[in-house]
Amino acid sequence: MARIILATTGSVAAVRAPDLCSALVAAGHRVEVVATEPSLYFYRPADLPAGTPVHRDADEWPGEGYARGDDVLHIELRRRAELLVVAPLDANTLAKFALGLCDNLLTCLYRAWDFARPVVLAPAMNTLMWDKPATSRHLAQIWSDAAGREIPADWSLATAEDHFTREGSVILVPPQSKRLACGDVGMGAMSEVVGIAEAVRAWSERSAPAP
Ligand SMILES: Cc1cc2nc3c(=O)[nH]c(=O)nc-3n(C[C@H](O)[C@H](O)[C@H](O)COP(=O)(O)O)c2cc1C
């Protein structure tokens, strides 16, 4: 089975991180977690399956200072991971991925990612955040960068999933419409854990060597 990095960002949907991590481990994957600092407001690393490594921003800057030959954590993580799953992907990190910003462990990992290996993105945000034109623009940029193609003229939030499915190495697990944790009702809630686990299962099946 695969070596997977499960990255969590500061959406309330990060409360599901232990369940998602457990589902991936139960499917036989070796999972390491990369957590943004805001995401750790929503779950405790102790609630992840026993032994799951959790990497956070401070781990990028160990010891008294850099010494020649020291490992660079985001590069080491990139080298050993076969799949990056960002769930939940909040509006802030979505924007940073799209713009190429890299000011924490996760965004450095994404910026240094080799798109020969896929990335699963599961956005989660308030409906008014999801509906802002920035969301569509940022997803379009991410798709275009990963697929190496110009943004199609028909790009919209409604067509985004099709484009991600047809081309490129980013797999979009779209959000769902429901009552959000803040009480608003509408699009933006993260997909159910089973939906994200299913996207990983489908990738795993496609990438398995032929018998
Ligand atoms: C209680 C709470 C819930 C939040 N939920 C979300 C959310 O579901 N989606 C989102 O995009 N931002 C949400 N935010 C805002 C992010 O946490 C904030 O933008 C943060 O800077 C994200 O940092 P990160 O992307 O580095 O994890 C929430 C903030 C708080 C305080």
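A cis peptide bond joins alanine 87 to proline 88, with omega at about 0°. Most residues other than glycine have a negative phi, and most peptide bonds are trans.

Residue numbers start from 1 along each chain, following the sequence as written. Because the model is predicted, local features need pLDDT of at least 70 and side-chain atom pairs count only at pLDDT 80 or more, while totals for chains, interfaces and linings use all residues.

**The sheet and its strands**

- Helices (H or I, at least four residues) and strands (E, at least two) are DSSP runs, numbered from the N terminus.
- An open sheet is formed by 6 strands in the order 3-2-1-4-5-6, with parallel pairing; two strands pair if DSSP finds at least two bridges between them.
- Strand 3 (54-55) and strand 6 (170-172) are the edge strands, each pairing on one side only.
- Strand 1 (residues 3-8) and strand 4 (residues 83-89) run parallel and are joined by 4 bridges.
- Alanine 7 has valine 86 in strand 4 as its bridge partner.

**The hairpin**

- Strand 7 (residues 176-179) pairs with strand 8 (residues 185-189) in the antiparallel sense over 4 bridges.
- Serine 177 stands opposite methionine 187 of strand 8.
- There are 5 residues between the strands of this hairpin, and glycine 183 takes a positive phi near 100°.

**Around the ligand**

- The ligand is surrounded by 15 residues, the closest being Gly10, Ser11, Thr36, Asp90 and Ala91; a residue counts as near a molecule or strand if its C-beta atom, placed from the backbone, lies within 6 Å of it.
- Helix 3 (residues 91-99) gives the largest share of this shell, 3 residues.
- By class, the shell holds 7 nonpolar, 7 polar and 1 charged residues.
- For these classes, Ala, Val, Leu, Ile, Met, Phe, Trp, Tyr, Cys and Pro count as nonpolar, Asp, Glu, Lys and Arg as charged, and the others, Gly among them, as polar.

- Helix 1 lies across strand 1, strand 2 (30-35) and strand 4, and runs at about 175° to strand 1.
- Axes here are lines fitted to C-alpha atoms, for helices over the stretch in contact, and angles run from 0 to 180 degrees between N-to-C directions.
- The axes of helix 1 (residues 17-26) and helix 8 (residues 193-207) come within 10 Å and cross at roughly 35°.
- Asp19, Leu20, Ala23 and Leu24 of helix 1 make this contact with Val193, Ile196, Ala197 and Val200 of helix 8; residues are in contact if their C-beta atoms, placed from the backbone, lie within 7 Å.
- That contact has 7 nonpolar, no polar and 1 charged residues.

**Helix 6 and its two partners**

- Helix 3 and helix 6 (residues 133-147) have axes that come within 8 Å and cross at roughly 45°.
- Helix 3 and helix 6 are therefore oblique to each other; angles under 35 degrees count as roughly parallel, over 145 as roughly antiparallel, 65 to 115 as roughly perpendicular and the rest as oblique.
- Leu94, Ala95, Phe97 and Ala98 of helix 3 meet Ala134, His138, Gln141 and Ile142 of helix 6.
- This contact of helix 3 with helix 6 divides into 6 nonpolar, 2 polar and no charged residues.
- With helix 7 (residues 157-166), helix 6 has an axis crossing of roughly 15°, and the axes come within 10 Å.
- Helix 6 is therefore roughly parallel to helix 7.
- Thr135, Ser136, Leu139 and Trp143 of helix 6 meet Leu157, Ala160, His163 and Phe164 of helix 7.
- The contact of helix 6 with helix 7 has 5 nonpolar, 3 polar and no charged residues.

Technical notes:
Contact = placed C-beta atoms within 7 Å.
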